[in-house]
Amino acid sequence: QVQLVESGGGLVQAGGSLRLSCVASGSIFRTNVMGWYRQAPGKQRDLVAVISGDRTNYADSVKGRFTISRANAMNTVFLQMNSLKPEDTAVYYCNARGITVLTTDFNSWGQGTQVTVSS
């Protein structure tokens with residue numbers, strides 16, 4: 001079983017910055033992909049950014065403002081969010097996919113962290 005714990009959310013004014021962190025733990029053999037998704041009230045959960053090896057992919061709405069990075073040895077992923085806008089307000093979820101020590105696949109989610117950007 002793999003658990004993800006997020007931290008770093010909060011309230012910030014428009015134009016400000018926040019840094020989210022997510023640590024994966026448990027029966028992990030290898031984590032292949034880690035990423036961040038977000039869900040605003042009444043909307044579906046959407047991709048924000050993912051990282052696999054040295055490749056990254058971002059939603060168009062956050063390109064140039066958000067940066068995803070990893071600390072592989074610690075199964076940790078970060079999301080640096082700059083120039084935040086009120087429309088970035090959402091619950092942000094961490095996701096990790098990979099292989100357990102039992103050689104089974106895992107696809108795990110964190111509990112979510114609230115990010116609120118005031119105008």
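The link between Cys 22 and Cys 94 is left-handed, with -85° about the S-S bond. The model is predicted: local features need pLDDT of at least 70 and side-chain atom pairs count only at pLDDT 80 or more, while totals for chains, interfaces and linings use all residues. Residues are numbered from 1 along each chain as its sequence is written, and side-chain values use heavy atoms, leaving out hydrogens and water.

**Disulfide**
- One disulfide (a pair of cysteine sulfur atoms within 2.5 Å) is found in a search of the whole structure.
- The sulfur atoms of Cys 22 and Cys 94 are 2.1 Å apart.
- Cys 22 belongs to strand β3 (residues 18-26) and Cys 94 to strand β9 (residues 90-100), so the pair ties together parts 72 residues apart in sequence.
- Strands (E, at least two residues) are DSSP runs, numbered from the N terminus.
- Cys 22 and Cys 94 are both buried (under 20% relative accessible area, 1.4 Å probe, protein chains only).

**Strand β1**
- In strand β1 (residues 2-7), Val 2, Leu 4 and Glu 6 make up the covered face, and Gln 3, Val 5 and Ser 7 the uncovered one.
- In a regular strand, side chains alternate between the two faces of the sheet.
- Strands β1 and β3 run antiparallel and are joined by six bridges; two strands pair if DSSP finds at least two bridges between them.
- Val 5 has Val 23 in β3 as its bridge partner.

**Surface**
- Phe 29 lies in strand β4 (residues 28-39).
- Phe 29 is exposed (over 50%), with a relative accessible area of 57%.

Technical notes:
Helix = DSSP H or I, 4+ residues; strand = E, 2+ residues; numbered from the N terminus.
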